[in-house]
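Colleague: Please take one part of this chain and go through it closely, with the cut-offs stated as you use them.

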Amino acid sequence: MSTTEPAFVVITGMSGAGRSTAAKALEDLGWFVIDNLPPGLLSSLAEEAGRVNVAADRVAAVVDVRSLAFTTDLNAAIKELDGRGVGVRVVFLEASDEGLVRRFENVRRPHPLQGDGRLVDGIDRERGILREIRANADLVIDTSLLNVHELRKKIVSFFGGEDRPGLKVNVVSFGYKYGMPVDADLVVDCRFLPNPHWVPELRPMNGLDAPVRDYVLSQPGAKEFLDGYEEVFGVVAAGYAREGKSYATLAVGCTGGKHRSVAMAEQLGARFRDRGMDVQVSHRDVGRE
């Protein structure tokens, strides 16, 4: 294989989780994208992209489960390309059962794998088929609470910036009472800090407001936690980079996802940027209460 042949992205995941939206977002960024490509043709796509000199790291294929041998075929195709020096990054789009059912009901279409069964049967079957692919994906995006515009924004944030070496880090705050983010690679718990919710003047605010931030950061253990985790994550990030992992999501949790986790996520994001990492910070549950 020639040195002009690019590494490229495989977009896969649950039906109804937003594969087409992600593909269109990449097209708008100038990527060469093929939708519904059988896994067995990934090698041919790599060869053709190299032959016509498509820009490196700007080729993507959407692959789904309509092939009965999907898992075997995709794993084999990725292994073959890796052996030929073509790096493949797998982006997996995830969503909750409730979210997927709602989306399929809105468009009044059956799930591609439900057959004569119920919609939830098709979803369950697809999860089983995709389990290994999801476990080995480079980037998992949970779209359960995202609309199409928010998903496009996430794709742009991961793939639309300047080419920068190293790990792209997404730091997201969340509330444990709403459930942990399913796309998190690492989770840290800030519930060891006193909760500003019980301070009347701070309760209406969130961790982006200076009084809440100052309150959280002044608590015993807050600075020590930030110092220690900054060092720990530096070691983890270096290891991810050596293993070829391009993206990492760090979830920072507190009870409601409004005060402590927000303030600490902002601090961790700032510290990681100071170390030269490519970081975005988001707050999943602010405004949800």
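Modeller: Start with Glu47, which lies in helix H2, residues 42-51 (helices, H or I, have at least four residues and strands, E, at least two; both are DSSP runs numbered from the N terminus). This is a predicted model, in which local features need pLDDT of at least 70 and side-chain atom pairs pLDDT 80 or more, while totals for chains, interfaces and linings use all residues. Residues are numbered from 1 along each chain as its sequence is written, and side-chain values use heavy atoms, without hydrogens and water.

Glu47 is partly exposed, at a relative accessible area of 38% (buried is under 20%, exposed over 50%, partly exposed in between, with a 1.4 Å probe and protein chains only). Its C-alpha atom is 9.8 Å from that of Val86, 39 residues apart along the chain.

Val65 sits in the loop between strand S3 (59-62) and helix H3 (70-83) and is buried, with a relative accessible area of 3%. An unreviewed UniProt entry lists Asp64, Val65, Arg66 and Ser67 under "binding site"; such annotations may be inferred rather than shown by experiment, feature names are shortened, and positions follow the numbering used here.

Turning to the sheet, four strands form an open, parallel arrangement in the order S7-S8-S6-S9 (strands pair if DSSP finds at least two bridges between them). Strands S7 (186-189) and S9 (278-283) are at the edges with a single partner strand each, so one side of each has no neighbour in the sheet. Four bridges join S7 to the parallel strand S8, residues 247-254, and Val188 has Val252 in S8 as its bridge partner.
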